[in-house]
Amino acid sequence: MAITKATITGMADLAAWLSENACPDYFDRVTWANSCLTCADADGNTLFSWSSSDYAVYKVPGGSAEIGNACSGDMISATHPATAAKCGGGILITLHYTSSGYTYFAHIVFTRTNSGQLAVIAVMAPDGSNGAAWSNIHSAAIGDAADTAKLISFTPSAQNQTLLVPFTTYAKPDTVSYTPHAFYMPVGEYYGIGYGKFTAGGETYITNGCWAVRD
């Protein structure tokens, strides 16, 4: 499908873009109210939320979730806009900038697992904590094991080639759950690209430099 991309200058702007582009493929409704972005299903159960203090990736709709420290909502602005893009394999939201020597970022992917479940991949560096986009990544899907969070980290190696590795989610025993259209890149050529797209093996990908989503 054609890639749809937008520059996002605030959380209300993001909610409006997701309402148009993530519904109904991934959510039934997306709202911005009381300083919280909420993505919900048709029954009103929350599937993903992002407030000023944390973000939540749900394994049980409206129930069990993995919680991460969030960048404050006003981090996205006209001065420091985010990029939101949709392709055939999912949605990528990416923000990354440095201010006064501190690094701020938020990276989110909405996609489907091999079994068709919603998967959310997310990591943020709140309030200039200088984290890395390849450390402590939440990668969870509806129906995952809910006893704990299993975070993904990798060590990037900049080379003249790119290795695409599907994200796994914390599947229940005797099941397999991974993202056939969303990948992290432990070996990569594009770590410094910010948002972009590239072609490999005759297929097009959108990327934040460390992750990629196949069109």
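This briefing describes the overall build of a protein chain and then its aromatic pairs. The model is predicted, so local features need pLDDT of at least 70 and side-chain atom pairs count only at pLDDT 80 or more, whereas totals for chains, interfaces and linings use all residues. Residues are numbered from 1 along each chain as its sequence is written, and side-chain values use heavy atoms, with hydrogens and water left out.

**Overall build**

- The protein chain has 1 helix and 17 strands, where helices (H or I, at least four residues) and strands (E, at least two) are DSSP runs numbered from the N terminus.
- The radius of gyration of the protein chain is 16 Å, which agrees with the value near 17 Å that a compact globule of 215 residues would have; the radius is taken over C-alpha atoms, and the globule rule is 2.2 Å times the number of residues to the power 0.38.
- Along the principal axes, the C-alpha atoms of the protein chain fill a box of roughly 45 × 45 × 35 Å.
- Of the contacts between residues at least 6 apart in sequence, 47% join residues at least 24 apart, a contact being heavy atoms within 4.5 Å.

**Burial and surface**

- Buried residues make up 51% of the 215 residues in the protein chain, with buried meaning under 20% relative accessible area, exposed over 50% and partly exposed in between (1.4 Å probe, protein chains only).
- The protein chain exposes about 9200 Å², and carbon and sulfur atoms supply 46% of this area, which comes from the Shrake-Rupley method with a 1.4 Å probe.

**Aromatic pairs**

- The structure holds 9 aromatic pairs, in which rings of Phe, Tyr and Trp (its six-membered ring) have centres within 6.5 Å, while planes under 30 degrees apart count as stacked, over 60 as edge-to-face and the rest as tilted.
- Tyr97 and Tyr104 form a stacked pair, with 5.2 Å from centre to centre and 15 degrees between the planes; Tyr97 counts as buried because its relative accessibility is 14%, and Tyr104 counts as buried at 18%.
- Phe167 and Trp211 form an edge-to-face pair, with 5.6 Å from centre to centre and 80 degrees between the planes.
- Phe167 lies in strand E13 (residues 163-168) and Trp211 in strand E17 (residues 211-214), so this pair ties together parts that are 44 residues apart in sequence.
- Phe167 counts as buried at 1% relative accessibility, and Trp211 counts as buried at 1%.
- One aromatic cluster is formed by Phe154, Phe167, Tyr184 and Trp211.
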